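Please keep the structure open beside them.

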Amino acid sequence: MNIYARFETAFRRAPDTAALICPEGEDWTYARLLAEINRAGAALAAWGVGVGDRVLVQAEKTPEAVAVYLACVKSGAVYVPINTAYTKPEVEYFIADCQPALFVASRRFDADVTVAVLDDDGAGSYWRGAAAAPVLAVDRADDDLAAIIYTSGTTGRPKGAMLTHGNLISNVEVLCAAWGWREDDVLLHALPIFHVHGLFVALHCAFFNATPVILQKRFDVAALVEELPRATVLMGVPTFYTRLLNHASFDATSCRNMRVFISGSAPLTEQTSAAFEQRTGLRILERYGMSETLMNTSNPLAGERVAGTVGFALPGIAVRVTDDDGHELPRGEVGNIELRGPNVFKGYWQRPERTAEEFRADGFFVTGDLGTMDGEGRLTIVGRAKDLVISGGYNVYPKEVEALLDEMPEVVESAVIGVPHPDFGEAVVAVVVADDGVDQARVDRFLGQRLARYKHPKRVVRVDELPRNAMGKVQKHVLRETYADVLET
Ligand code: MLC
Ligand code: AMP
């Protein structure tokens, strides 16, 4: 079934309920949202988007962008959201890879693809010729694609994880039950809507129940604290929680109506968890997910939430910890986290070999995360087999940054690592073998038009040589230890 049909059934039952509460603009009821989805659907049709066509979207977080997302899914198109921070060369890669029928952008974009400008009422605008006639949701099978979410691997460029209607439906059903979603819940939404956390976890839970969403354009801690009293649920990355704790007026009173604070996308430290509980009396509920699999495990809503763990496998999802041959390890041992279930994606867009490499013969997906499971089935993530930095919940692939640094004429070689950062949990540092002239400013200038800002090294360290093992491989763990303190200010 088309997941949108499930949303629409809920929306129709609650036409007068606030859907999107916009502190910086006009609020939309669910009746208004339905009308805007029809308008966006008509616009998609006018732009020639058909069933199965990819719609690439790099848009600011607005109610209109939400309507475009829902209209894409409704019309059977495949929604492909990308980070608003990406530079032109990064966007061009996604255009070439997913071959969209339409690129919906917040601003004008000069490329060899049809571009609809979302926030511009002039010529070339997204809404051109869009009559708001209602149309039915296009029938979709569970196995049909709803979205492609780009994520990088350990090698090469970003790969598109193909998520189906069945993946999305099964996950939102499981999450609404696990987190006890209520008719009177109000979601405070400060995450970006181009990743699974903000889009398929947060928005879907609210839309499935047609409950209100306070849609904040971006994360701003003061604005968040201001809105908290009228919310019941917040979903965030750990940086949200450390910033809340650093905000003087955040206390138990701000949380008086809060039912649950949920954290994910990056490790929540036990320290943050304890400090949060001490300040508010509430224990953050941590869960674990990925672009390829949506949500996999969660601490319980009722029952003990153990800090430092990501809880139990969600219903219907099998989680195991294995050795490198895929054999399940005894409880308590550390190994690869593998998963199987209706939440697991269909494969990487147009990369069957890469897809095959990441699945076991019995259908388990190898996540690249390392973990251990206790006797009760609680999972703890202890590290990553993949070379990946998670900074403030954004993934940065060292290979991508290294490849660009190595293009600098003054750089002989480079190694990019993640080191502890007080705000982002972990952040990017580049260790380079290079001429004297290479410093932070020079690197920033070089990467400027080529790489999204959040991927830029927060510190560039110049060395004479990189540590290598007997095989000649750069020993990143040595670098991580050596430079562990460089960002702890
Ligand atoms: C912003 N900057 C970052 C950064 N975010 N640097 C490193 N890591 C980050 N995460 C940099 C900008 O480039 C800029 O640099 C400066 O910080 C200020 O930018 P900003 O946009 O004003 O930052 P801010 O709004 O404070 O953003 C921080 C943040 C944001 C934590 C709110 O990063 C965020 O929303 N993160 C959530 C990401 C997310 O949704 N992840 C889910 C992935 S899904 P300069 O140099 O220009 O000053 C997933 C699966 C799952 O992982 O399990 O959920
Ligand atoms: P992404 O590819 O952006 O979807 O990021 C997914 C990765 O985020 C996972 O493979 C984990 O490494 C990490 N992740 C998600 N949730 C958690 C969590 N609660 N604790 C630690 N890491 C997490």
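This is a predicted model: local features need pLDDT of at least 70, side-chain atom pairs count only at pLDDT 80 or more; totals for chains, interfaces and linings use all residues.

1. Ligand 1 has 24 residues around it, of which R243, S265, R287, S391 and R453 come nearest. By class, this shell is made up of eleven nonpolar, eight polar and five charged residues.

2. As for polar contacts, an oxygen atom of ligand 1 is 2.6 Å from an N or O atom in the side chain of S265, while polar backbone atoms are approached at G289, with 3.2 Å to an oxygen atom of the ligand, and at Y454, with 3.3 Å. The protein covers 76% of the 1000 Å² of accessible area that ligand 1 has on its own, and the elements giving two or more residues to the shell are α6 (196–209), α8 (238–245) and β13 (285–290).

3. The aromatic pairs number 24. In one of them, F7 and F208 have ring centres 6.2 Å apart and planes at 85°, an angle over 60 degrees, so the pair is edge-to-face. Because F7 lies in helix α1 (residues 3–13) and F208 in helix α6, this pair ties together parts that are 201 residues apart in sequence; both F7 and F208 are buried.

4. F11 and Y30 form a tilted pair, at 4.7 Å centre to centre and 35° between the planes, and it links helix α1 with helix α2 (residues 30–46), the two residues being 19 apart. F11 is buried at a relative accessible area of 0%, as is Y30, also at 0%. Ring pairs join F7, F11, Y30, F207 and F208 into a cluster.

5. Two arginines deserve a look as well: R157 lies over the face of Y93, at 4.4 Å from the ring centre, and R320 lies over the face of F364, at 3.7 Å.

Terms used. Residues are numbered from 1 along each chain as its sequence is written. Chains are lettered from A and ligands numbered from 1 in the order in which they are written. Side-chain values use heavy atoms; hydrogens and water are left out. A residue is near a molecule or strand if one of its heavy atoms lies within 4 Å of it. A polar contact is a pair of N or O atoms within 3.5 Å; within protein, one must be able to donate a hydrogen and the other to accept it, and residues adjacent in sequence count only if both atoms are side-chain atoms. Accessible areas come from the Shrake-Rupley method with a 1.4 Å probe; for residues, only the protein chains shown count as cover. Helices (H or I, at least four residues) and strands (E, at least two) are DSSP runs, numbered from the N terminus. Ala, Val, Leu, Ile, Met, Phe, Trp, Tyr, Cys and Pro count as nonpolar, Asp, Glu, Lys and Arg as charged, and the others, Gly among them, as polar. Rings of Phe, Tyr and Trp (its six-membered ring) pair if their centres lie within 6.5 Å; planes under 30 degrees apart count as stacked, over 60 as edge-to-face and the rest as tilted. Buried means under 20% relative accessible area, exposed over 50%, partly exposed in between (1.4 Å probe, protein chains only). A charge sits over a ring if NZ of Lys or CZ of Arg is within 6 Å of the ring centre and within 35 degrees of the ring normal.
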